[in-house]
Amino acid sequence: MEYPGTVSELTDGLRRGGYLADRGLATTLFVSLSLHRPVLLEGEVGVGKTEVAKVLAGSYGRKLIRLQCYEGIDTNQALYEWDYARQMLQIRALSEHDLASEEAVDRLFGPKFLLQRPLLEAVQAGDRAVLLIDEVDRADDEFEAFLLEVLSDFQISIPEIGTITAQSRPAVILTSNRTRELHDALRRRCLYHWIGYPTAEREVEIVLVREPGAAEALTRKVVRAVHRLRELDLAKPPGVAETIDWVRTLGFLGETELTPQAADDTLGAVVKDRDDLELVRENLAEITSGA
């Protein structure tokens, strides 16, 4: 399936996939797909940055290839590794005469012994894939510089095989939670969009799109309560993902009202820190008042 030709068509396609994108985000994605530019999405935890890539891939028949960044990730884990166990089996199967030939070495380092990691997989898949580079801020400076080089050329050199160049470019989405500042060089390479907390009305729409069976009245009460939670001095303020989880949990338990007792019983769906739990419980009556 081809990517859409207008911003409105892209917005509709994402909505059918369960993602309610505002005009700014849809426009950024549309320009990114049209001009083959990576997109850097920043925002608070749980506002739907990762979900953008998942829904984009699912809605338009692309393969989602995810590179999850973390402290200490290196190029081998992102590019490729050799299947040493399989190579050893091949060596054992070869005769002494075969091992002495140059052809044996070539066979041992052929494509069938190559374990593709996300970046190499994305280069080979081209525009049939959406490459998600998730939480890039968790990687170190050296890995960020390496990513910049790959995103600029979309080619990978493998000494034993040669250079592999993408025939077409995949859609690329990078996400960051701003645990550290990214370098200007990477930012300049990307289109940029900030995903903030939505308004209460927008958040109700988002929840109802993701949970079509949810009761609207209960959803509105939960959203009002979540917005009050975000006004507290919490270590981990709830994102939209937590709002959806709370609505889903209450619905599963058959609750129709967000009473202080129902909220207290299900706080684990929305508050994920011990100190935050204590603070919320101290203010639970106010949080659920009129919810």
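Modeller: Let us begin with a term: a residue is called exposed when its relative accessible area is over 50%, buried when the value is under 20%, and partly exposed in between. The model before us is predicted. In it, Arg274 has a relative accessible area of 67% and is therefore exposed.

Colleague: Is Glu278 buried, exposed or partly exposed?

Modeller: Glu278 has a relative accessible area of 43%, so it counts as partly exposed. Arg274 and Glu278 form a salt bridge through their side chains, with 4.0 Å from N to O. Both residues belong to helix α15 (residues 274–282), where they stand 4 residues apart, about one turn of the helix.

Colleague: What general idea lies behind such a pair of side chains?

Modeller: Side chains of opposite charge can pair when their charged atoms come close. In this model, the count of salt bridges comes to 18.

Colleague: Which salt bridge does Arg180 form with Asp141, and what does the pair tie together?

Modeller: The side chains of Arg180 and Asp141 meet at 3.5 Å, N to O. Arg180 lies in the loop between β8 and α10, while Asp141 lies in helix α9 (residues 141–153), so this pair ties together parts that are 39 residues apart in sequence. Asp141 is partly exposed, since its relative accessible area is 39%.

Colleague: Which other residues surround Arg180?

Modeller: Leaving aside residues up to four places away in sequence, Arg180 touches Val136, Asp137, Ala139, Asp140, Asp141 and Glu144. With Glu144, the side chain of Arg180 makes a polar contact of 2.7 Å. A polar atom of the Arg180 side chain also lies 2.8 Å from the backbone oxygen of Ala139.

Colleague: Where do the two partners Glu211 and Arg248 lie?

Modeller: Their side chains form a salt bridge of 2.7 Å, N to O. Glu211 is in the loop between α11 (200–210) and α12 (216–231), and Arg248 is in helix α13 (residues 240–252); the pair links distant parts of the chain, 37 residues apart. Glu211 has a relative accessible area of 18% and so is buried, whereas Arg248, at 39%, is partly exposed. Salt bridges can also join into a network, as they do for Glu42, Arg178, Glu181 and Arg187.

Colleague: What is the setting of Thr243?

Modeller: Thr243 lies in helix α13. Its relative accessibility is 0%, so it counts as buried. The Thr243 side chain makes a polar contact of 2.6 Å with the side chain of Glu203. Among the residues that Thr243 touches are Val207, Val222, Val223, Val226 and Arg230.

Colleague: How do strands of a sheet pair?

Modeller: They do so through backbone hydrogen bonds, either parallel or antiparallel. Here, an open sheet of 5 strands shows parallel pairing in the order β2-β5-β8-β1-β9. β2 (63–68) and β9 (191–195) are the edge strands, each pairing on one side only. On average, neighbouring strands of this sheet are turned by 20° against each other, direction ignored.

Colleague: How many bridges join β2 to β5?

Modeller: There are 6 bridges between β2 and β5 (residues 129–134), and the two strands run parallel. Leu64, for instance, has Val130 in β5 as its bridge partner.

Colleague: Which strands give an antiparallel case?

Modeller: Strands β6 and β7 (residues 162–165) run antiparallel and are joined by 4 bridges. A hairpin of 3 residues connects them, and Gln155 stands opposite Thr165 in β7.

Colleague: Which elements do the buried residues of α2 pack against?

Modeller: They pack against α1 (7–16), β1 (39–43), α3 (49–59), β8 and β9. The buried residues of α2 include Leu25, Leu29, Phe30 and Leu33.

How values were computed: Residues numbered from 1 in each chain as written. Predicted model: local features only at pLDDT ≥ 70, side-chain atom pairs only at ≥ 80, totals over all residues. Heavy atoms only, no water. Polar contact = N/O pair within 3.5 Å; in protein donor to acceptor, adjacent residues only side chain to side chain. Contact = heavy atoms within 4.5 Å. Pairing = 2+ DSSP bridges. Buried < 20%, exposed > 50% of the residue type's maximum accessible area, 1.4 Å probe, protein only. Axes fitted to C-alpha atoms, helices over the stretch in contact; angles between N-to-C directions.
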